[in-house]
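Dear colleague,

I am handing over the structure below, together with some notes on what was found in it. Please read the notes with the sequence and the model side by side.

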Amino acid sequence: MKKILTILCSACLIAGSATSTGFKINVSDSQLTAGCKSAYLIDYCSGECIYKENELSRMPIASVCKVMTLTLAMEAVDSGKITLDTLITASEHAAGMGGSQVFLGSGCQYTVDQLLKSIVVCSANDSCVAISETVAGSEDSFVAQMNKKATELGCNDTLFANCTGLPKENQYSCAHDVALMFKNLLSYENYFNYSKVWLEDFVHPDNRTTSMTNTNKLIKKYSFCDGGKTGFTNEAGFCLAATAKKDNMRLISVVLGADSSDNRFSSTINMFNFGFSNYKNKIVLDKDVTLNDEFAVSGGKKQSFAVCPERNSYVFSAADKSPDVTFEIIADDVKAPVVKGQAVGKINVYKDGVLCDSVNAVSAEDVKKAGFGDYFKDISSKWAI
């Protein structure tokens with residue numbers, strides 16, 4: 001039976017906070033996203049919105065739709081359906097894609113790792129189709145999966161018609177939905193193995209090479225940016241979903257329908273600067289700091305043991321705000337032996353009375369099972385009293 005031990009005030013466990021950039025922007029005084037039809041900026045961990053502009057307006061997003069293509073591919077790798085070393089034979093249909101591509105050879109074999117990297121780095125349409133045909137059997141079936149996943153993520157203003165973003169009737173999304181999809185993609189750590197590549201040769205099995213340059217220029221222009229997906233068609237304009245991390249905070253920005261490539265990048269930088277300057281992620285649970293409360297254990301060489309959070313927990317807020325943070329510590333019934341790092345309960349984190357995070361409480365030490373001698377000593381001590 002689980003036992004709620006206590007609810008603590010934030011002062012008991014807060015270990016520190018992120019530093020500010022020192023550069024503040026007032027949204028009312030400055031147009032952050034000049035030349036863009038739609039924009040959205042959120043905190044990655046909490047999903048809280050920092051800035052929005054026509055974020056629910058449906059519009060074409062061009063190659064930014066590859067965020068979902070990559071998501072399903074990463075999901076297939078994560079589930080074991082395919083591996084990064086799986087060889088994919090490029091079909092004639094895949095090799096015949098137009099637009100941005102790495103010029104796959106029809107009938108040639110490529111690893112999943114190669115194809116994923118080419119999609120992330122240079123937005124390769126041919127690689128998208130090759131991946132889609134392998135994961136779902138056909139591009140059409142893959143697109144059906146894309147739309148299903150979008151619904152699962154709560155993307156209510158999104159409809160995909162292909163896996164590349166090439167112009168096609170009846171496909172659209174919005175800045176809000178793109179942020180949700182991109183947030184989900186960033187949960188796959190392998191994405192960052194590709195997103196920071198600036199320049200690399202794609203080597204074909206027939207010894208041809210195709211030079212790949214990252215379409216996300218912020219990798220070079222903005223030191224905190226470590227990922228993004230660009231898009232452009234005449235219909236969609238210039239689009240970009242990007243992420244940047246500074247100190248304890250990761251942000252996600254989306255701009256759609258920019259009137260120039262420069263404006264999509266400068267608008268994204270403006271939003272990032274605004275977010276980092278005016279908001280913070282305060283660490284409220286430190287994985288290296290034990291809690292004030294010890295957990296009880298039965299059948300052990302000791303009656304209680306120290307616990308700590310399994311991971312750090314942060315609370316997002318405006319830099320000039322001090323939210324009310326409380327903790328609810330829920331202990332499991334624990335029997336010895338206990339191993340250091342073993343999950344023994346939960347720590348629920350509340351911001352202004354609303355649950356914002358839940359972290360495993362883990363043992364900070366080993367507790368050995370009591371032996372006959374330990375029970376004898378315990379009985380003897382009681383008799384001595």
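Helices here are DSSP runs of H or I with at least four residues, and they are numbered from the N terminus. Please keep in mind throughout that this is a predicted model.

With that naming, Leu186 lies in the loop between α6 (175-185) and α7 (191-195). Leu186 counts as buried because its relative accessibility is 5%, and the cut-off for that word is under 20%. Setting aside residues up to four places away in sequence, Leu186 touches Tyr44, Tyr191, Phe192, Thr243, Arg250 and Ile252. Gly227 is 41 residues away from Leu186 along the chain, and the C-alpha atoms of the two are separated by 8.8 Å.

The buried residues of α6 are Ala175, Asp177, Val178, Ala179, Met181, Phe182, Asn184 and Leu185.

Ser123 sits between α3 (112-122) and α4 (125-136), and Ser123 is buried because its relative accessible area is 4%, where buried means under 20%. Which residues are in contact with Ser123, once its neighbours within four places in sequence are left aside? They are Ser63, Lys66, Ser100, Ser118 and Lys229. With Lys229 there is also a polar contact, in which the side chains of Ser123 and Lys229 are joined at 2.9 Å.

Conventions:
Residues are numbered from 1 along each chain as its sequence is written. This is a predicted model: local features need pLDDT of at least 70, side-chain atom pairs count only at pLDDT 80 or more; totals for chains, interfaces and linings use all residues. Side-chain values use heavy atoms; hydrogens and water are left out. Helices (H or I, at least four residues) and strands (E, at least two) are DSSP runs, numbered from the N terminus. Buried means under 20% relative accessible area, exposed over 50%, partly exposed in between (1.4 Å probe, protein chains only). Contact means heavy atoms within 4.5 Å. A polar contact is a pair of N or O atoms within 3.5 Å; within protein, one must be able to donate a hydrogen and the other to accept it, and residues adjacent in sequence count only if both atoms are side-chain atoms.
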